[in-house]
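Biologist: I am new to this structure and would like to learn how to read it. Could you take me through it step by step?

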Amino acid sequence: MTDPAQAAAKAPGIIIQPDAARYFEAAASGVLMIKQCHACGQAHFYPRQACPFCSSQDTAWIESSGSGTVYTYTVLRKGHPGPSIPVFIALDEGPTLLARMVGAEPEDVRIGMRVKACFPPLGPNGAPLLAFAPDPNPDQTARQDAMRS
Ligand SMILES: [Zn+2]
């Protein structure tokens, strides 16, 4: 069986910069890592050296809950083996990001739908690729998040 992190490292088109190694290591275990700024407290994604809100370089990796909401989406029906659903997700921690919806038919996706991050082997050479699937327990996840804050 191929190690997903090794697959990512060897995949054409994926160049793992030292700053992003932590992201790919976690992705191989199904965990979404994002960065948080110690100066202003804001979380951000994609990872970068300086905070996009205050330019501080005092940032650190944090484990995202992987929970979020569909901000918007579209359905691509040409040029793919089946319909593909790019989604723009608002993570509960604040960052917004573009990914792919999996585990849902186009007619089931809705703006405002609760989703969970996952890493199916859809990248080059079977590398783990960030995607989102419908949250199987959206009410329970919302309660846990409310208790956490
Ligand atoms: Zn900041």
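Biologist: Let me start with the open sheet: in what order do its three strands lie?

Modeller: In general, strands of a sheet pair through backbone hydrogen bonds, either parallel or antiparallel. Here the model is a predicted one, where local features need pLDDT of at least 70 and side-chain atom pairs count only at pLDDT 80 or more, while totals for chains, interfaces and linings use all residues. Residues are numbered from 1 along each chain as its sequence is written. The three strands of the open sheet lie in the order 2-1-3, with antiparallel pairing. Strand 2 and strand 3 are the edge strands, each pairing on one side only.

Biologist: What counts as a strand, and what counts as pairing?

Modeller: Helices (H or I, at least four residues) and strands (E, at least two) are DSSP runs, numbered from the N terminus. Two strands pair if DSSP finds at least two bridges between them. Strand 1 (residues 33-37) and strand 3 (residues 59-63) are antiparallel, with five bridges; Ile34 has Ile62 of strand 3 as its bridge partner. Strand 1 is also joined to strand 2 (residues 43-44) by two bridges, again antiparallel, and Gln36 stands opposite Ala43 there.

Biologist: How many residues lie between strand 1 and strand 2 in their hairpin?

Modeller: Five residues lie between them, and Gly41 in the turn has a positive phi of about 85 degrees.

Biologist: What share of the chain is buried?

Modeller: A residue is buried if 20 or more other C-beta atoms lie within 10 Å of its own, exposed if 12 or fewer, and partly exposed in between; the C-beta atoms are placed from the backbone. Of the 149 residues in this chain, 23% count as buried.

Biologist: Which residues have the most contacts inside the largest nonpolar core?

Modeller: The general idea is that in soluble globular proteins, nonpolar side chains tend to be buried together. A nonpolar core is a set of buried Ala, Val, Leu, Ile, Met, Phe, Trp, Tyr and Cys residues joined through C-beta atoms within 7 Å. The largest one here has 21 residues, and Val87, Ile89, Met101, Leu130 and Phe132 have the most contacts inside it. The elements giving two or more residues to this core are helix 2 (21-27), strand 4 (67-73), strand 5 (85-91), strand 7 (114-118) and strand 8 (131-134). Strand 5 supplies the largest share, four residues.

Biologist: Which strands pair with strand 5?

Modeller: Strand 4 pairs with strand 5 in the antiparallel sense over five bridges, and Val70 stands opposite Ile89. Strand 6 (residues 96-101) is joined to strand 5 by six bridges, also antiparallel; there Pro86 stands opposite Arg100. The hairpin of strand 5 and strand 6 has four residues between the strands, and Gly94 takes a positive phi near 120 degrees.

Biologist: Leaving aside neighbours within four places in sequence, what is Ile89 in contact with?

Modeller: Two residues are in contact if their C-beta atoms, placed from the backbone, lie within 7 Å. With those neighbours set aside, the contacts of Ile89 include Val70, Leu97, Val115 and Phe132. Across the chain, residues 24 or more positions apart account for 49% of the contacts with a separation of 6 or more.

Biologist: Where is the cis peptide bond?

Modeller: A cis peptide bond joins Phe45 and Tyr46, with omega at about 10 degrees. Tyr46 sits in the loop between strand 2 and strand 3.

Biologist: What is the phi of Ser55, and is Ser55 buried or exposed?

Modeller: Its phi is near 70 degrees, a positive value in a residue other than glycine. Ser55 lies in the loop between strand 2 and strand 3, and Ser55 counts as exposed because it has 11 C-beta neighbours inside 10 Å.
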